[in-house]
Amino acid sequence: QVQLVESGGGLVQAGGSLRLSCAASGRTFSRYVMGWFRQAPGKEREFVASIRWSGGSTSYADSVKGRFTISGDSARNTVSLQLNGLKPEDTAVYYCAGRDLISPTYDYWGRGTQVTVSS
């Protein structure tokens with residue numbers, strides 16, 4: 001059974017930083033893509049960033065490029081998201097997700113961690 005557990009959310013002022021972590025367990029993730037998504041109140045869930053375990057290639061939403069950095073520690077099965085230059089519009093529940101390389105959809109999801117940015 002795959003489990004993804006997020007941590008590191010909290011309340012921060014605009015311009016501040018947070019680091020989110022996602023601990024993955026239950027299988028070997030070497031063939032997986034790990035992603036971060038977020039959902040703000042009243043809005044649909046949106047893609048934030050992703051990383052491929054094998055090779056480490058990354059992808060970012062335009063809204064977070066240059067401010068957020070995704071990284072992975074394959075030895076610890078942990079994926080992190082460094083959030084810098086936070087803005088009030090970054091306020092959302094952030095979710096960790098995983099999918100197989102050949103899967104078109106993310107099959108595994110964490111429960112989310114709240115990030116709140118005050119102005």
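**Note on the predicted model**

1. Leaving aside its neighbours within four places in sequence, S57 touches S50, I51 and R52. This residue sits in the loop that runs between β5 (46–52) and β6 (58–60). Its relative accessibility is 45%, so S57 counts as partly exposed; the term exposed is kept for values over 50%. The C-alpha atoms of S57 and M34 are 11 Å apart, and the two residues are separated by 23 residues along the chain. As with every value in this note, these come from a predicted model.

2. Is V117 buried or exposed? Its relative accessible area is 6%, so V117 is buried, the limit for that term being under 20%. When neighbours within four places in sequence are set aside, the contacts of V117 are V12, Q13, A14, L86, K87, P88, D90 and T91. The C-alpha atom of V117 also lies 9.6 Å from that of S17, although 100 residues separate the two along the chain.

3. The next point concerns a sheet. Four strands, in the order β1-β3-β8-β7, make up an open sheet with antiparallel pairing. Both β1 (3–7) and β7 (68–73) stand at the edges with a single partner strand each, so one side of each has no neighbour in the sheet. From one strand to the next, the twist averages 15°. In general, the strands of a sheet pair through backbone hydrogen bonds, in either a parallel or an antiparallel arrangement.

4. Strand β3 (residues 18–25) and strand β8 (residues 78–83) are joined over 6 bridges in the antiparallel sense.

5. The loop between β7 and β8 contains N77. Most residues other than glycine have a negative phi.

6. How many disulfides does a search of the whole structure find? The search finds 1, and this disulfide joins C22 to C96 with an S to S distance of 2.1 Å. The angle about the S-S bond is -75°, and the link is left-handed. Distant parts of the chain are connected in this way, since C22 belongs to strand β3 and C96 to strand β9 (residues 92–100), 74 residues apart. Both C22 and C96 are buried.

Definitions and conventions: Residues are numbered from 1 along each chain as its sequence is written. This is a predicted model: local features need pLDDT of at least 70, side-chain atom pairs count only at pLDDT 80 or more; totals for chains, interfaces and linings use all residues. Side-chain values use heavy atoms; hydrogens and water are left out. Two strands pair if DSSP finds at least two bridges between them. Helices (H or I, at least four residues) and strands (E, at least two) are DSSP runs, numbered from the N terminus. Axes are lines fitted to C-alpha atoms, for helices over the stretch in contact, and angles run from 0 to 180 degrees between N-to-C directions. Buried means under 20% relative accessible area, exposed over 50%, partly exposed in between (1.4 Å probe, protein chains only). Contact means heavy atoms within 4.5 Å. A disulfide is a pair of cysteine sulfur atoms within 2.5 Å.
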